[in-house]
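Biologist: Hi! Could you walk me through this one while we both have it open?

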Amino acid sequence: MGLTALDHVNIRTANAARLALWYEAALGLERGFRPAFAFPGVWLYLGDRAVVHLIEVVPPPGGEGTLRLEHFAFSATGLARFRARLDAAGAAHDLVALPPGPVDLVQVNLHDADGNHIHIDFPADEARALGLIAR
């Protein structure tokens with residue numbers, strides 16, 4: 001038995017409500033059930049799976065910058081619709097094609113409202129069909 005998929009990401013934040021709004025607007029995740037833990041937070045769902053768990057904490061003396069993680073990633077399809085959604089949400093992003101090799105993907109790189117790096121991986125064929133990368 002081995003790993004098969006990312007289950008969820010847990011992000012510590014100083015403002016769970018603000019960060020939840022960002023994930024809803026930019027990525028289309030939806031708030032859903034969260035067990036009644038003794039600490040505040042929000043669970044955001046992709047379909048029926050809670051993929052982003054936000055935990056609200058008081059920032060340590062180092063400030064909010066100490067709360068973030070390096071990055072996490074989702075796989076996706078529908079590059080054109082996704083980029084339109086990011087534009088509508090005012091979410092700055094860039095598109096990066098992976099170097100040639102057996103993994104043929106493009107990444108949409110962006111940062112959430114707390115500055116956490118996220119990339120969304122799309123099949124490179126979608127970017128080629130849109131004329132965003134060379135054939």
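**Rings, sheets and helices**

Modeller: Happy to. Trp22, Tyr23, Phe72 and Phe74 form one aromatic cluster. Keep in mind that this is a predicted model.

Biologist: Good to know. How many aromatic pairs does the count come to?

Modeller: The count comes to 6 aromatic pairs. In one of them, the ring centres of tryptophan 22 and tyrosine 23 are 5.0 Å apart and the planes sit at 80 degrees, so this pair is edge-to-face.

Biologist: And are tryptophan 22 and tyrosine 23 buried or exposed?

Modeller: Tryptophan 22 is buried, and tyrosine 23 is buried too.

Biologist: What about phenylalanine 37 and phenylalanine 39, stacked or edge-to-face?

Modeller: Phenylalanine 37 and phenylalanine 39 make a stacked pair, with 5.2 Å centre to centre and 10 degrees between the planes. Phenylalanine 37 is partly exposed, at a relative accessible area of 39%. Phenylalanine 39 is also partly exposed, and its value is 36%.

Biologist: Back to tyrosine 23. What does it touch?

Modeller: Leaving out residues up to four places away in sequence, tyrosine 23 touches Ile11, Gly28, Leu29, Leu44, Val52, Phe72, Asp112 and Ile118.

Biologist: Which residues touch the most other members of the largest nonpolar core?

Modeller: That core has 30 residues, and Tyr23, Leu27, Val52, Leu54 and Ile120 are the ones that touch the most other members. Helix α1 gives the most to this core, with 7 residues. As a general point, nonpolar side chains in soluble globular proteins tend to be buried together.

Biologist: Nice. Let's switch to sheets. What is the strand order in the one with β7?

Modeller: It is an open sheet of 4 strands, ordered β5-β8-β7-β6, and the pairing is mixed. The edges are β5 (71-75) and β6; each has a single partner strand, so one side of each has no neighbour in the sheet. On average, neighbouring strands here are turned by 25 degrees against each other, direction ignored.

Biologist: Which helices pack on it?

Modeller: α1 packs on this sheet and touches β5, β7 and β8, with its direction at about 20 degrees to that of β8. α2 packs on the sheet as well, touching β6, β7 and β8, and its direction makes about 10 degrees with that of β7.

Biologist: How is β7 paired on its two sides?

Modeller: β6 and β7 pair antiparallel over 5 bridges, while β7 and β8 pair antiparallel over 7 bridges. Aspartate 94 has asparagine 109 in β7 as its bridge partner, and leucine 95 stands opposite valine 108. Toward β8, valine 106 is partnered by phenylalanine 122.

Biologist: What sits between β7 and β8?

Modeller: The two strands form a hairpin with 5 residues between them, and glycine 115 in that turn has a positive phi of about 95 degrees.

Biologist: How many residues of β7 are buried?

Modeller: 5 of the 7 residues of β7 are buried, so the strand is largely enclosed by the rest of the structure.

Biologist: And α2? Which of its residues are buried?

Modeller: In helix α2 (residues 79-89), the buried residues are Leu79, Phe82 and Leu86. Looking down the α2 axis, they fall within an arc of 65 degrees, so they line one face of the helix.

Biologist: One more topic. What is the order in the sheet with β1?

Modeller: That open sheet has 4 strands in the order β1-β4-β3-β2, again with mixed pairing. Its edge strands, β1 (9-13) and β2 (30-32), each pair on one side only. Neighbouring strands are turned by 35 degrees on average, direction ignored.

Biologist: How do β3 and β4 run?

Modeller: β3 (residues 41-46) and β4 (residues 49-56) run antiparallel and are joined by 6 bridges. Glycine 41 stands opposite isoleucine 55 in β4.

Biologist: And which strands of this sheet does α1 touch?

Modeller: α1 packs on the sheet and touches β1, β2, β3 and β4, with its direction at about 150 degrees to that of β4.

Methods:
Residues numbered from 1 in each chain as written. Predicted model: local features only at pLDDT ≥ 70, side-chain atom pairs only at ≥ 80, totals over all residues. Heavy atoms only, no water. Buried < 20%, exposed > 50% of the residue type's maximum accessible area, 1.4 Å probe, protein only. Arc of directions from axis to C-beta. Pairing = 2+ DSSP bridges. Axes fitted to C-alpha atoms, helices over the stretch in contact; angles between N-to-C directions. Contact = heavy atoms within 4.5 Å. Core = buried A, V, L, I, M, F, W, Y, C linked by side-chain atoms within 4.5 Å. Phe/Tyr/Trp six-rings, centres within 6.5 Å; stacked < 30°, edge-to-face > 60°.
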